[in-house]
Amino acid sequence: MKVLVTGGAGFIGSHTTIELIAQKHDVLIIDNFSNSSLEVIRRIEKISKKTCEFLNMDIRETSKLIAVFEKFVPDCVIHFAGLKSVGDSIIFPLDYYDNNFLGSLSLLKAMDASGCKKIIYSSSATVYGEPKYVPLDEKHPCEPVNPYGKTKLFVEEMLKDWATSKDKNSAIILRYFNPVGAHSSGLLGEDPLGVPNNLMPIIADVAIGKLPHINIYGNDYSTRDGTGERDYVHVVDLAQAHVAAVKKVSQRDFDVFNIGTGSGTTVLELIEEFKKASGKKISTNFVNRRMGDVAISIASVEKAKDELSWSAVKDIKDMSSDAWRWKIQNMTE
Ligand code: UD1
């Protein structure tokens, strides 16, 4: 299949591109490189031993995008491009509506103009907001509590309307839990600009000596050890979920799937695992809870298993050792 991947140079987009190429799909990446680099494209080529076609452009440039669609004629789009920091979205909400919502609108216009009818969308478990029960299934109410989560939900809603407006239009939404880990080659991984906000990249920075210690946000949650519990999913498993979705998308009008492992790991458990993987000391410091954090977030993964024939296979040990390999092979200042 010809697959156009927006945001294909990003963390999840690059791993998905590798899996698509491995499955003999013909891929074109569109990325504005606002949070990635050309080096990622070079590394995709190194791993896949194939040329990786890409365009440095912004999906909000609708007329340019339509010309790209008319030339490449994709069968399917996988849409990752967007901003993803919860904290920034609270300070700069309009950037999030502009990039995430208007970017997706522009993309759908280009798809309509060129007759492309299939899309897989990169969404997040953050659309659920405060869990009313766990594990969270796809029927859980969606009440996002920050602008980032709202833009994800609004795009889901727009896709639902688009998918039901015409007979052959199909959209699959993948709601990721906590993507972590890296490619086993050590060539691709998460490379956030500035100081990371998410747990695994922070643990890796402490292990390598870039940060002095990790602040653990709260030890009084009602979990096994009092620290926050999350459903971490390996980025390569997550990438393969997209390939599974590409296979099924034409059989659906619109559908939503959780992508996680179905089991939870606490902050302290993840730190212990990372200590083992790295052989390094990781200093910790308990501080107050972080605003907006929930105690537990775990996916119900039955639907993805039954209907996409996809399940995560990598565990927290793989996630830690791959993230560590990526870190030591790519030390930056
Ligand atoms: C965060 C986002 C979520 C996004 C997800 C992507 C927030 C509030 N939520 O989820 O919208 O989809 O990332 O992966 O930012 N922790 C510490 N110390 C730290 C950092 C984190 O103790 O320095 C704890 C947190 O309190 C939490 C766990 O580690 O219990 C995971 O945190 P994080 O990696 O930031 O992910 P989420 O908060 O689940």
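Predicted model: local features only at pLDDT ≥ 70, side-chain atom pairs only at ≥ 80, totals over all residues.

Mentor: Residues are numbered from 1 along each chain as its sequence is written, and side-chain values use heavy atoms, with hydrogens and water left out.

Trainee: What makes Lys327 and Asp205 a salt bridge?
Mentor: The term asks for a side-chain nitrogen of Lys or Arg within 4 Å of a carboxyl oxygen of Asp or Glu. Here the N to O distance is 2.5 Å, so the pair meets the rule. By that rule the count comes to 19 salt bridges.

Trainee: Why is it said that the pair Lys327 and Asp205 ties parts together?
Mentor: Lys327 lies in helix α11 (residues 316-329) and Asp205 in helix α7 (residues 199-207), so the pair links parts that are 122 residues apart in sequence. Helices here are DSSP runs of H or I with at least four residues, strands are runs of E with at least two, and both are numbered from the N terminus.

Trainee: How do you know whether Lys327 and Asp205 are buried or exposed?
Mentor: Buried means under 20% relative accessible area, exposed means over 50%, and partly exposed is in between, using a 1.4 Å probe and protein chains only. Lys327 has 15%, so it is buried. Asp205 has 5%, so it is buried too.

Trainee: What is the relation between Glu272 and Lys275 in helix α9?
Mentor: They are three residues apart in α9 (residues 267-278), about one turn of the helix. An α-helix has 3.6 residues a turn, so residues three or four places apart point the same way. The side chains of Glu272 and Lys275 meet in a salt bridge at 3.1 Å, N to O. Glu272 has 40% relative accessibility, so it counts as partly exposed, and Lys275, at 28%, counts as partly exposed as well.

Trainee: Which residues are linked in a network of salt bridges?
Mentor: Arg252, Asp255, Lys303 and Glu307 are.

Trainee: Why are Val86, Ile90, Ile91 and Phe92 called a nonpolar patch?
Mentor: A patch is made of residues with over 30% relative accessible area and no salt bridge; nonpolar side chains (Val, Leu, Ile, Met, Phe, Trp, Tyr) are joined within 5 Å, and like charges within 9 Å. Ile91, with 59%, is exposed, so it passes the area cut-off. The four residues have about 390 Å² of accessible area together, an area from the Shrake-Rupley method with a 1.4 Å probe, where only the protein chains shown count as cover for residues.

Trainee: What makes β12 and β14 edge strands?
Mentor: Each pairs on one side only; the open sheet has the order β12-β9-β14, with mixed pairing. Two strands pair if DSSP finds at least two bridges between them. Two bridges join β9 (residues 229-230) to β12, so these antiparallel strands meet the rule.
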